[in-house]
Amino acid sequence: ARTQVRTDPSETSCPGSPPSPPTVVSNLPYEDQRPRNQPNRRYAGNAVKTNKYTLWSFLPINLCEQFRRLANIYFVGIAALNFIPEVNAFQPQVALIPICVILTLTAIKDAWEDFRRYQSDRDACLSHPRSQHGFVERRWKDIQVGDFVQVLANDIIPADILLLHASDPNGVCHMETANLDGETNLKQRRVKSPFDPLSFNATVICEKPNNNLNHFKGFLEKDQIKIGFGIESLLLRGCTVRNTAAASGIVVYAGHDTKSMLNNNRPRYKRSRVESKMNKEVLCCVFLLFCMCLIGAVGHVIWLKTFSSVPIYFIPDSDGNETPSVVAGVYRFLTMIILLQVIIPISLYLSIELVKMGQVFFITQDIDLYDKEKDMRMQCRALNITEDLGQIQYVFSDKTGTLTENKMVFRRCTIMGTEYPHTENGESGKWVGQLWSHQDTTVGRDNILPCLPLRCGMHITVYHGATHLEFFLALAICNTVVVSTETAQRQRVRDPVQSTLYDIPTSSSSVVSEDEVQGTPCKGHTRRRQTWTASSLAGPKEVHYEAQSPDEAALVHAAKAYGFTLLERTPSHVSVRLPSGTTLTYEVLDVLTFDSVRSRMSIIVRHPHTKEIILYTKGADSGIMERLSQMKSESRVIANKTQKHLDMYANDGLRTLCFTRKVQEFNYYDWLVLRQGAMAAIDRKDELVRKTAADMETNLTLLGATGIEDRLQENVPETIQALREAGIQVCVLTGDKLETAVNIAYSCKLLDHKLVGKPVCKPVCVSQEVCKNMLSGTLAQLPLYDTQEAKVSVGLVIDGRTLGLLLDSDLQEGFVQLCTHCRAILCCRTTPLQKSRVVTLLRSKLGVMTLAIGDGANDVNMIQAADVGVGISGQEGMQAVMASDFAISRFKHLKKLLLVHGHWCYNRLANMIIYFFYKNVAYVNLLFWYQFFCGFSGTAMIDYWFMIFFNLFFTSAPPIMFGIMDREVSAAVLLQLPELYRRGQHEGGYRRSTFWIAIADAFYQSLVCFFVPYWTYKGSDIDIFTLGTPMNTASLFTIIFHLAIEIKSWTVVHWVIMVGSVVVYFVVTLAFCAMCVSCNPPSDPYWTMQEQMSDPMFYLVCILTTVVALLPRYTLHALRGTLVPSDHLRARQIDNMPPHHRDLWLQEWKKLKDLCASYPSLSSSTAQRYSTAQSPSLTLVQDPSPALAQSPSLTPVQDPSPSLVQSLNPKLAPNQGLNSAAL
Amino acid sequence: MAKNQVGAGPFARRPDNSAFKQQRLPAWSPSLTPHTVLSVFYGLSLICVLLGIWLLITVQNTYQLKVDYTNGSCKKCFEMRKYPANATKNCICTANFKVPKAFLGDVFFYYGLINFHQNLRRYMDSRDDAQLVGRKKSLKFPSTYCKPFAYDENGLPIAPCGAVANSKFNDSFRLVYHQLDGPAVTVPLHRRGITWYTDKNIKFHNPPTNTTLQEAFQGTAQPLYWQRPVYDLDPEDPNNNGFINDDLIVWMREAAFPNFKKLYGILNRAHALFSHGLPAGNYSIIITYNFPVQYFQGKKEVVVSTVTWFGGQNYFLPIAYLVSSGMTFIAAIVLTVIHVKVGRDGKNMEE
């Protein structure tokens, strides 16, 4: 990336006073002055620094951050306590080691992360200098606010630049924002007021830096004239300039103030549920520690009281006095805290982070979650909530782009009340014949459209009405689609047509006219026959459309298929080639861009021949129908018919758009003044702009409407089915129409297909009172369906307005209650805010684990509100992905992500945490039991170094490996049997009871590990550290073998780490015992290990201890397997079978399950009943009686849509084979 | 990470399809089938019972005998040691005992202390290993751990410093065998070689000196309770003096429990009378009674014992093995019953 900064000093510009909206003036006049005289000095420079530390500040800052964690302070406190001689349990210096190791490891991790950030900063900030024209090479970091910067084609933009000049004569500059939001279409930026950098003397006033990529406002003040500009004039840092030779402008935001940097959030830190639960267990451990210390202190006092005189082995203090027993008790309490501190798992937090890093590694490496088309892996953006994926109870899904492809296909349209189907993929051989046979009979009939695939090269002649022409013109021009050629450079089309820009195309154009060709086809006021050839459509260059929304692309492509090819779009004009081959070039007067409040967009053009000012508007029917001109009854009839068609489309699951036209009369220029005033406004700009747009969009004449199909993604029904079997509630929240949403819900099996055709009432819940009654009525109805012991399974369909009422505080309870009864929830016409409120409400009231999945900017709120946010990187940019915790590319990936990875991660982590607690308690209790034999004086019979090594080296790797790699059931079986997922939802892996059982087991095992050696060596001449050696060893074996019992599958890695840990133990212990003669005063384990290992008793003790310690757990495992075999156990057994056996068993399992499903008494969850209840606002959908589902095998459910289309629209049936066109 | 992004080709970011990364490493998942579980249980039970019986037979052939001399025949000395004023007075007493059956093989003589906590944290820390290993600097400046037994009233460093050395057990014994038909014979004991080899040769060293040992300890004081200086602990063997005195080394290896014994000597079987061990008959111990135990309600005893390949007389291990064998067996029976009753039909495979 290169950058040129103009350094020639030039004329002055007035430095604006520094009010709150940032004011930018040119830097050029201040080139030679000192920094403090620079007018723009208070703005951020362009150097970007995302790394937190420098080489020097690393240590203090990092330490500061680490000590913000309570745990670290606790451990430092304990280490400090060790320096008090009366209290200390270990050599003070040595006691610092664990905390130092933890701090060091964390610091290394932080440093590594920071280094990576530093590297990426460096990559971004160093650019190769190159000089050209008057612009001078600068590094990115040297650019400042107020500089003039020129960027050349294919350069990366170094800062947020207000575009002031472009090489394009129209003042247009294109940029590709893929770096920023992943959208690959070109964004058009245009110069508001051209300038010459040498004479720029205006002041730029703009809003404060913010992270909204789609919004910017400000104005240029020059000689008291204000010129407003918006996002359409701003070049964003990180984007690439395309199709434009050079563009220059003034830097308004630099460095960290740029929109891309403000959008660049760090991975979010979320606390997972297991972790917050674990914190309670840590508190339990604290309590346990307190009790043990109290026992120690009281025990010591009592023990002291048994002596009437002072024994020889009491150490007087320095004055020769004995410590009073109560004071001694307090001292011992503190000593005990130091001694037993490990019971609070110091390294657990670090281990969890390591484990999660490993888990994330494996998730992102999964080849099944890789998308070939986009070359994208699964991304984990939040690193610490992997195990939450295993506990999801509610999935909230967006529809468009999530369940569906968001690749729009034009399917149907209605023009002037007549309905035309448009089939995409007819069998080509058949329809060619049909076409020809139909040609004669159908020519002249209105309801056949010339929908031909371009590749055929055949021509067909049909009649058109004028409105039809207008309709297709509107389709072609009423959008913001940019045309470009499909070359690597992405040069925008400079069509040769341009030279004949305002030539009136006539029949003399190059197009072959077979029959009579009428002149001035552009006017189209008369009915005419029109002939066109496919070859002419191919054109000299293949055009390529860059649309911001897939709907627009579909419409433009559809228009092209019917011969109305959009050839070029610039801010000032738009060219369309008509089927006749002539080209019309309209002058574009204004574009009223789309916004979700109006839910429509308009374009105002001037007709090249009639010079009429025409407004074409397209939008949702809700936004259009009320704005039609109501004059003629004829148009009212058309509107009614169209509305009927629209409802039908919606029933088919098509997305609908209405098209209107209006010829604007004299008052256009009055309106223009208002409009410009609105555009220049800074306060309430959006509102004013919206209002002026709405003023224009009145008295519209309906042209027609389109139905666009958004196909389901592959495997969506299967995924939803699997999620449901896994006990996950799937809710769909969409902004689409009710009918569309319901239809999609049926086709993706969210709702049961048997209900199709039953009327679904449009919600008209107007007041809260009505809503309340309805809710209570519905809730009262629910038990009625509950005639048998089976639970009702109800689907809830609800619309945005009703939802808004239900989300009010006093109706929330009822709504939540209703939701718990529903098997499927479908909310349509919801706003982004409502989506997030639904998620928040269910999450907080039901305390369930929620997951939100979506692909667009409208899902961001929901994604952030849910416990786990999943973004789909789809057609609508990267905003959802940016806000998400996990990013996938297809909806079907959710299945493996949850059912396999979520399940694994949760089980692994839960087991690892439980094991960690167990391990620490088991080991520490050894020391505790010894206190009963050393007068509670805080003696450790194990050398402190060994205790450190024990935790750091000997027993740390196995649990981490266990947490990353253990696998109870294989991925294949987990995918086959989604119900295995249910365990995680009910916290089957990590329960309070599991924790206490583990703690009890730890107590038992530590008792065994202590008392077997104790009784063995009782009364012998053994010394303290020699006693500690077999205890330590037996404890190690117990802890390692305990894990071995828990490990479900042994791979090479498992073997290496487990065996390695034991080997390391012996090697390190032997080496330490051999080398350390008096390096660790006063305790000194010199040669104890060697001495013990030459004694057969040592082995006898270790074997006996290990066997006795592990016997109960092993027996329990065996008993549980026999008496109460869990599903997981069975699944494991199936897993272990040879492949053909496994399939048989899986089939049998499923059969059994279906059998249960067909008898409600056997299984409540899958029992189904069928009846329908309707209320104005809530539609309850129910499944039929069990009698219908007697078959024990799974019957594949047919996709209802084809038959549905037939039944709803019989008159279209004959045409279906005929009308096909490949878009 | 940067490399991944830079990588070229259509599938640049495709993850490796390796068994490790796809978590498809060949794995052995041990399933607890009735076959394996029951055989493990029965096998363990069998091994334990065999080991237990073997150990029991071995233990049956060991002998151990304890003679408590705290009060009984040594009442006089016990009373005398109650008063610190008598600390310097000698007191000798005799304890008699009878060996009913000959102790065959190597016989070990221990002294035992009851209720003496050598394992108190501050007591056991009160020593300076650096001093004991013979470092000159530590000799003059003992470790702070030795406080308040680091310097005497005159400010002289104590050698060996610390409470452990200060409280060294200082009774001495002479064992006499009363032959039925002959004179009383003093049982010959090895008083050397009763320590760990490494302790004697590596861990404990006298301070380096060119002249006499006394010279080496010049400028140090003897521990408070000691009657003799460290360089003169063993008047009979000059090589057994200073820090490498065997009794001192044995004492400095702090006992793990409050009731313990420490090796005093090993029967010297070179003597014809004792070549097979300790013959049956009457014995008496002549005790130089120095060590006061009444302050901690303690007891002193002499332990005579033979040892086996796995240590002294110890009934716990064999019994423990037998008991755990029994428990394993019971668990195995229970599991078998359950397996037969519940898990017999093929579907409920036992884990």
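**Notes on the model**

1. At 21% relative accessibility, Lys21(B) counts as partly exposed, the classes being buried for under 20% relative accessible area, exposed for over 50% and partly exposed in between, with a 1.4 Å probe and protein chains only. The side chains of Lys21(B) and Asp16(B) meet in a salt bridge with an N to O distance of 3.3 Å, where a salt bridge is a side-chain nitrogen of Lys or Arg within 4 Å of a carboxyl oxygen of Asp or Glu.

2. On provenance, this is a predicted model, in which local features need pLDDT of at least 70 and side-chain atom pairs count only at pLDDT 80 or more, while totals for chains, interfaces and linings use all residues. Residues are numbered from 1 along each chain as its sequence is written, chains are lettered from A and ligands numbered from 1 in the order in which they are written, and side-chain values use heavy atoms, with hydrogens and water left out.

3. Over all chains, the salt-bridge rule gives a count of 38. Side chains of opposite charge can pair when their charged atoms come close. In chain A, Lys835(A) and Asp398(A) form one such bridge, at 3.2 Å from N to O. This pair links distant parts of the chain, since Lys835(A) lies in helix 23 (residues 832-846) and Asp398(A) in the loop between strand 15 (394-397) and strand 16 (404-415), 437 residues apart; helices (H or I, at least four residues) and strands (E, at least two) are DSSP runs numbered from the N terminus. Both Lys835(A) and Asp398(A) are buried.

4. A further salt bridge of chain A joins Glu405(A) to Arg890(A), with the closest N and O atoms 3.1 Å apart. Here too distant parts of the chain are linked: Glu405(A) belongs to strand 16, Arg890(A) to the loop between strand 34 (886-888) and helix 26 (893-931), and the two are 485 residues apart. Glu405(A) and Arg890(A) are both buried.

5. The contact between the chains, taken as heavy atoms within 4.5 Å, involves 94 residues from chain B and 101 residues from chain A. The size of an interface is often given as the accessible area lost when the parts come together. Chain B and chain A bury about 8500 Å² between them, 64% of it on carbon and sulfur atoms, buried area being the accessible area (1.4 Å probe) that two parts lose on being put together, summed over both.

6. How many salt bridges does the rule find across the interface of chain B and chain A? The rule finds one, and Asp1023(A) forms a salt bridge with Arg253(B) in which the closest N and O atoms are 3.0 Å apart. On the side of chain B that touches chain A, at least two residues come from each of several elements, including helix 2 (34-60), strand 8 (260-267) and helix 11 (316-341). Helix 11 of chain B gives the most to that side, with 10 residues.

7. The structure holds three disulfides over all chains, a disulfide being a pair of cysteine sulfur atoms within 2.5 Å. Cys74(B) and Cys93(B) are joined with their sulfur atoms 2.0 Å apart, and the torsion about their S-S bond is about 85 degrees, so this disulfide is right-handed. Cys77(B) and Cys91(B) are joined at an S to S distance of 1.7 Å, and their torsion of about -85 degrees means that the disulfide is left-handed. Cys77(B) and Cys91(B) are both buried.

8. The remaining disulfide to describe joins Cys146(B) to Cys161(B), S to S 1.9 Å. Cys146(B) counts as buried at 0% relative accessibility, and Cys161(B) is buried with a relative accessible area of 1%. With the bonded cysteines of chain B numbered in sequence order, the pairing reads 1-4, 2-3, 5-6.

9. In chain A, the sulfur of Cys748(A) is 12 Å from the closest cysteine sulfur, in Cys731(A), which is too far for a bond. Cys748(A) counts as buried, because its relative accessibility is 0%.
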